[in-house]
Amino acid sequence: MKTPWQIMTAGDWLVVLLLLGISFTGLLWVATTAEGTRVVVTSGGQTSFTAPLNQPRTVDLDGPLGQTHLVIDNQGARITGSPCPRKICISMGTAKQTGDLLACVPNRILVRIDSPVGEEAAYDLLSR
Amino acid sequence: MTCSAVESAELTRARRQVFLALFIAIAVTLHVLETLLPTPVPWLRLGLANIMTLVALYLYDGRAAWTISLARVGIGALLLGRLFSPGFWLAAAGAIVATSAMIVMHRVAGRRLSPIGISAIGAAGHALGQILAARLLVIQHPAIWQIMPLFLFFTLFSGILTGWLASGLLEQLQQHPAFQKNEADNNTSADDYVERACR
């Protein structure tokens, strides 16, 4: 019996490489665009608030400068109001994919999207 | 046993039916035996039954390939007690997309694709059909497409393996007088075979 590389034509190699390419591109795409399930807020290095991404709510987050308003709705999480001078966090838009960040540096607030698995995912809402 | 007074076309058709029946039997056997093997993930299988679909496609035509794949899905599910279960619809959708893709690509590419290339395309089609059915029937959420790349990756290897095995089997079968392609124009080889078989 001939070995696979004795049988495979140039067309076969093209097909195999194409399919490999598609699956790797897809894997990369999944890894980078997977929709997150949880919003995690860190202020001053400590996790101050976590909430599921699929439940709409509005939260006021306390920071050294004042309150930062975070809105979670079906489009994702976004900051709608902040006491910081340049409002960069508001212009960062909406975060919904795993790994997305919204940062309000002057108010020391960091909003992060993740997708916890296992025991961690069991928490519905955590507030400290 | 009478061998005379049989029209050549009739004989060709009867021979084709007998071989297709044999191929279905082998495909069903491979399919059922394969489900007995342990797998890392429930629906990650080798798809050895596809060897017979490929053999039918190369020895005969697209219609023969349809016969093998659809009969394999139906009889296999019947034997395993899965007829009309969700798993059956997934398998049927996978087989339909895979067979369509293999037939079309075989027709388009001709000899430029060996059974390995056709099998790889069939494997990808099988994955696509299964996830499509799963999306519609089992998990009605777009997130199911996220497993597609991983699925495609693993299925590629099983596709190459079954294509290679099919190619080895075809190499043997195509030398056999019963499968000489030119039997319609030049009956000598096939008729010799039949006469030898009849004596």
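Biologist: How many strands does the open sheet of chain A have, and in what order?

Modeller: This is a predicted model. The general idea comes before the case. Strands of a sheet pair through backbone hydrogen bonds, in parallel or antiparallel fashion. In chain A, four strands make an open sheet in the order 3-4-5-6, and the pairing is antiparallel. Strand 3 (57-62) and strand 6 (94-95) of chain A are the edges, each pairing on one side only.

Biologist: Over how many bridges do strand 4 and strand 5 of chain A pair?

Modeller: Five bridges. Strand 4 covers residues 67-73 and strand 5 covers residues 76-81 of chain A, and they run antiparallel. The two form a hairpin with two residues between them.

Biologist: What joins strand 5 to strand 6 in chain A?

Modeller: Two bridges, again in the antiparallel sense. Look at A:Ala77 here. Its bridge partner in strand 6 of chain A is A:Ala95. A:Ala77 is also the partner of A:Ile72.

Biologist: Let me step back to the whole chain. How many helices and strands does chain A have?

Modeller: Three helices and nine strands. From the N terminus, the elements run α-α-β-β-β-β-β-α-β-β-β-β. The radius of gyration of chain A is 22 Å, well over the 14 Å that the globule rule gives for 128 residues, so chain A is more spread out than a compact globule. The C-alpha trace spans about 75 × 35 × 25 Å along its principal axes.

Biologist: What share of chain A is buried?

Modeller: Buried residues are 23% of the 128 residues in chain A. Take the contacts in chain A between residues at least 6 apart in sequence: 40% of them join residues at least 24 apart.

Biologist: What is the phi of A:Arg108?

Modeller: A:Arg108 has a positive phi of about 55°, although it is not a glycine. A:Arg108 lies in the loop between strand 7 (101-104) and strand 8 (109-114) of chain A. A:Arg108 has 17 C-beta neighbours inside 10 Å, so it counts as partly exposed.

Biologist: How many residues of chain A and chain B take part in the contact?

Modeller: Chain A gives 17 residues and chain B gives 20 residues. On the chain A side, helix 1 (4-7) and helix 2 (10-33) each supply at least two residues. Helix 2 of chain A gives the largest share of that side, 11 residues. By class, the chain A side has 12 nonpolar, four polar and one charged residues.

Biologist: What is the secondary structure of chain B?

Modeller: Seven helices and zero strands. Along the sequence the pattern is α-α-α-α-α-α-α. Buried residues are 39% of the 199 residues in chain B. Of the contacts in chain B with a separation of 6 or more, 71% are between residues 24 or more positions apart.

Biologist: How do I read one helix, say helix 3 of chain B?

Modeller: Begin with length. Helix 3 of chain B (residues 62-80) has 19 residues and reaches 27 Å from its first C-alpha to its last, close to the 27 Å expected at 1.5 Å a residue. Then check burial. The buried residues of this helix include B:Ala64, B:Ile68, B:Arg72 and B:Val73.

Biologist: What do the buried residues of helix 3 of chain B pack against?

Modeller: They pack against helix 1 (8-36), helix 2 (50-59) and helix 4 (86-109) of chain B. After helix 3 of chain B comes B:Gly81, with a positive phi near 70°.

Note on methods. Residues numbered from 1 in each chain as written. Chains lettered and ligands numbered in written order. Predicted model: local features only at pLDDT ≥ 70, side-chain atom pairs only at ≥ 80, totals over all residues. Pairing = 2+ DSSP bridges. Buried ≥ 20, exposed ≤ 12 C-beta atoms within 10 Å, placed from the backbone. Contact = placed C-beta atoms within 7 Å. Nonpolar A, V, L, I, M, F, W, Y, C, P; charged D, E, K, R; others polar. Rg over C-alpha atoms; globule rule 2.2 N^0.38 Å. Expected span 1.5 Å × (residues − 1).
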